Amino acid sequence: MMEKTWDFMEMILKELPSNIFFKDTECRYLFATHYWNHIEHDESENWTIRGKTDLEIRKDKENARLAYEQDKKILETGVGCNYVIEVCLEGKTEYLEIFKNPVRDKNNEIIGIVGLINNVTERITLQKQLEAYAQTDIMTGLYNRRFFENWVENEIKSHMFPISIISADCDGLKIINDTYGHYAGDELIRMSAFLFKTKMPEDSLKFRLGGDEFLIVLPGTDEETVDNYVKEMKSAAKSFNIQGSPLSISYGISTINEACDDFMNAVKIADKEMYAEKNDKKMKRE
């Protein structure tokens, strides 16, 4: 009789787009309306999810453990939960929002868990895109000033030291804008950003603070190493060309060895060195 009851409930609820399920007090499924691609199952008529736990049937074992732990917690505390998981299978990423609540009998004893799974991939993807736009400079794809300020305030950790800083500024942007127009000036900025992306290590943080002002932060990098990075970028810039002239960028560097050092003061030191190099180039041209 109970089997027929579960069959009837599955048949009705299957018409809804969400996956609705019920588990007993041993975290075993008694029914689920949809067998999505994150579940290991065959297509035979005899296969059933009933009597199986997430640890047995979920392809993503990390999320299977999370589900099982959440079920145990609900059964122990009597408090429901909801959370979003990321599932990456067969080259495809999906985001699933899961709601779970305990089910009680007339004596207020927990007899199982009822749950709801919604595919929220479109919503989460859009949310991530909006977050990326909020912290990224549209022209260059580098982080923007807003993200820089947040990073300085919240993300500097003791294990990152020594931290080296490169202040960079394009040379001759005003001349290029005045002579060839702002499109050429924009190309100079994008070209500089491309140089930073290709020549700086992947774990470095690259910021466009405004105009042609850039800052590169290199965690775990000492003075000698950052100096070599700048030399490498200066050498590589010779192969870049803007309106018939090689790409020219002025640099300044500084290094912080301990967490107690003032990060923004180190930025000022790098800026000062960069402007000194820029002025020296200007004097030589004159």
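Asp169 stands opposite Glu213 in strand 8. The model is a predicted one, in which local features need pLDDT of at least 70, side-chain atom pairs count only at pLDDT 80 or more, and totals for chains, interfaces and linings use all residues. Residues are numbered from 1 along each chain as its sequence is written, and side-chain values use heavy atoms, with hydrogens and water left out. Helices (H or I, at least four residues) and strands (E, at least two) are DSSP runs, numbered from the N terminus.

Strand 6 and strand 8 (residues 213-219) run antiparallel and are joined by 7 bridges; two strands pair if DSSP finds at least two bridges between them. Strand 6 also pairs with strand 11 (residues 249-256), again in the antiparallel sense, over 8 bridges. In this second pairing, Ser164 stands opposite Thr255, and the bridge partner of Cys170 is Ile249.

## Burial of strand 6

Strand 6 (residues 163-170) is largely enclosed by the rest of the structure, because 8 of its 8 residues are buried. Buried means under 20% relative accessible area, exposed over 50%, and partly exposed in between (1.4 Å probe, protein chains only). In a regular strand the side chains alternate between the two faces of the sheet. Here Ile163, Ile165, Ser167 and Asp169 point one way, whereas Ser164, Ile166, Ala168 and Cys170 point the other way, and all are buried.

The peptide bond from Phe161 to Pro162 is cis, with omega near 0°.

## The sheet and the helices packed on it

The open sheet has 4 strands in the order 7-8-6-11, with antiparallel pairing. Strand 7 (205-210) and strand 11 stand at the edges with a single partner strand each, so one side of each is left without a neighbour in the sheet. On average, and with direction ignored, neighbouring strands of this sheet are turned by 20° against each other.

Helix 5 (residues 145-154) packs on the sheet and touches strand 7 and strand 8; its direction makes about 125° with that of strand 7. Helix 7 (residues 182-199) lies across strand 6, strand 7, strand 8 and strand 11, running at about 40° to strand 11. Contact means heavy atoms within 4.5 Å. Axes are lines fitted to C-alpha atoms, for helices over the stretch in contact, and angles run from 0 to 180 degrees between N-to-C directions.

## Salt bridges

A search of the whole structure finds 16 salt bridges, each defined as a side-chain nitrogen of Lys or Arg within 4 Å of a carboxyl oxygen of Asp or Glu. One of them joins Glu97 and Arg123, with the closest N and O atoms 3.3 Å apart. This pair links distant parts of the chain, 26 residues apart: Glu97 is in strand 4 (residues 92-104) and Arg123 in helix 4. Glu97 counts as buried at 12% relative accessibility, while Arg123, at 43%, counts as partly exposed.

Arg208 forms a salt bridge with Asp137, the closest N and O atoms being 3.1 Å apart. Arg208 belongs to strand 7 and Asp137 to the loop between helix 4 and helix 5, 71 residues apart. Arg208 is buried, with a relative accessible area of 13%, and Asp137 also counts as buried, at 14% relative accessibility. The side chains of Asp171 and Lys281 meet in a salt bridge at 2.7 Å, N to O. Asp171 lies in the loop between strand 6 and helix 6 (173-180), and Lys281 in helix 9 (residues 263-285), 110 residues apart. Asp171 is buried, with a relative accessible area of 10%, and Lys281 is partly exposed, at 22%. Both residues belong to a network of salt bridges that links Asp169, Asp171, Lys234, Glu277, Lys278 and Lys281.

## Surface patch and backbone features

Leu126, Leu130 and Tyr133 form a nonpolar patch on the surface, with about 350 Å² of accessible area together. Leu130 lies in helix 4 (residues 121-135). Patches are made of residues with over 30% relative accessible area and no salt bridge; like charges are joined within 9 Å and nonpolar side chains (Val, Leu, Ile, Met, Phe, Trp, Tyr) within 5 Å. Accessible areas come from the Shrake-Rupley method with a 1.4 Å probe; for residues, only the protein chains shown count as cover.

Most residues other than glycine have a negative phi, and most peptide bonds are trans. Glu90, although not a glycine, has a positive phi of about 55°; this residue is found in the loop between strand 3 (81-89) and strand 4 and counts as exposed at 76% relative accessibility. Asn108, also not a glycine, has a positive phi of about 70° and is found in the loop between strand 4 and strand 5 (110-119).
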